[in-house]
Amino acid sequence: MANVAVYNMEGKEVGSIELSDAIFGVEVNEHLVHMAVLQHLANKRQGTQKAKTRSEVSGGGRKPWRQKGTGHARQGSTRAPQWKGGGVVFAPTPRDYSFKLNKKEKRAALKSALTSRVNDSKFIVVDELKLDEIKTKRMIGVLKALNAEQKALVVLNEKNDNVLLSARNIPGVKVSLTNTINVYDILKYNTMVVTKDALATIEEVYA
C-alpha cells in the first residue's frame, strides 16, 4: 500500500495515511485513460454546427444562361458551390458526438488516473479544508502552503460554499465533489488536493 503524508491547512505534516492499492495502486492503462478523455470532450460538444447545401439556399431555380453558344462554361444554377452565395459542398449538419464507455472501463480509467497522480507525487491529502468566511486571499494562502498554487484540483466530500466561492476566482483552480471527479480533470490539473473525508468516500465508492 502506498503511504502518503497528511497535511493541515498551514502546510504542516500532521500524520500519514495508507492508500488502497485497489484504487491508487493499479496498473495504469493509458488506452482507457485516453478513451475516457476523448469521451469527456466528445460529450461536451454541442454538435449544433450547420451550413446550407445547394438544395437549401434560396434562389437559383432558373438556369443562368443557355447550355451552348455563350462562350461561358455551362451552368445549371447560381446557387452551385462555385457561385457567390452558393451552397456548401459537404455542409456540416447537427449531430451527436457522444459515445458510450462501459462502466468497468470508466472505473478502470479513473483508477489509472488516480494512480498516476500518486506515482507522480501530485496527490496531496489534507486533514480538513474549512474557511470561516469567503476569502480568496485565504484560499490562495492555503494552496501556497500545500505547494499547489499552480493548477490544482481540490476535491471535497460535501459542498462547502466558503471554499467553493473562495477558490472560484483563482485562475487554474477547480473545486469538485467526490461524485463529480473525472479523468479529464484529474489529468488537466497539475496537483490533486483531497480532504481525508473525500479520500474515504473515493475508496468506499470505487473499491
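**Salt bridges, a buried serine and a helix pair**

Trainee: Which side chain meets Arg 138 in a salt bridge?
Mentor: This is a predicted model, where local features need pLDDT of at least 70, side-chain atom pairs count only at pLDDT 80 or more, and totals for chains, interfaces and linings use all residues. Residues are numbered from 1 along each chain as its sequence is written, and side-chain values use heavy atoms, with hydrogens and water left out. A salt bridge is a side-chain nitrogen of Lys or Arg within 4 Å of a carboxyl oxygen of Asp or Glu. At 3.6 Å, N to O, the partner of Arg 138 is Glu 10.

Trainee: How many residues apart in sequence are the parts that this pair ties together?
Mentor: Helices (H or I, at least four residues) and strands (E, at least two) are DSSP runs, numbered from the N terminus. Arg 138 lies in helix H4 (residues 136-145). Glu 10 sits in the loop between strand S1 (2-7) and strand S2 (13-19), so the parts tied together are apart in sequence by 128 residues.

Trainee: How many salt bridges does a search of the whole structure find?
Mentor: Side chains of opposite charge can pair when their charged atoms come close. The search of the whole structure finds 6.

Trainee: Is Arg 117 buried or exposed?
Mentor: Buried means under 20% relative accessible area, exposed over 50%, and partly exposed in between (1.4 Å probe, protein chains only). Arg 117 has 9% relative accessibility, so Arg 117 counts as buried.

Trainee: Which residue has its backbone nitrogen 3.0 Å from a polar atom of the side chain of Ser 77?
Mentor: Ser 77 is in the loop between helix H2 (30-44) and helix H3 (103-119). At 10% relative accessibility, Ser 77 counts as buried. The backbone nitrogen 3.0 Å from a polar atom of its side chain belongs to Arg 79.

Trainee: How are H2 and H3 placed to each other?
Mentor: Axes are lines fitted to C-alpha atoms, for helices over the stretch in contact (heavy atoms within 4.5 Å). Angles run from 0 to 180 degrees between N-to-C directions, and 65 to 115 counts as roughly perpendicular. The axes of H2 and H3 come within 8 Å and cross at roughly 110 degrees. H2 and H3 are therefore roughly perpendicular.

Technical notes
A polar contact is a pair of N or O atoms within 3.5 Å; within protein, one must be able to donate a hydrogen and the other to accept it, and residues adjacent in sequence count only if both atoms are side-chain atoms. Angles under 35 degrees count as roughly parallel, over 145 as roughly antiparallel, 65 to 115 as roughly perpendicular and the rest as oblique.
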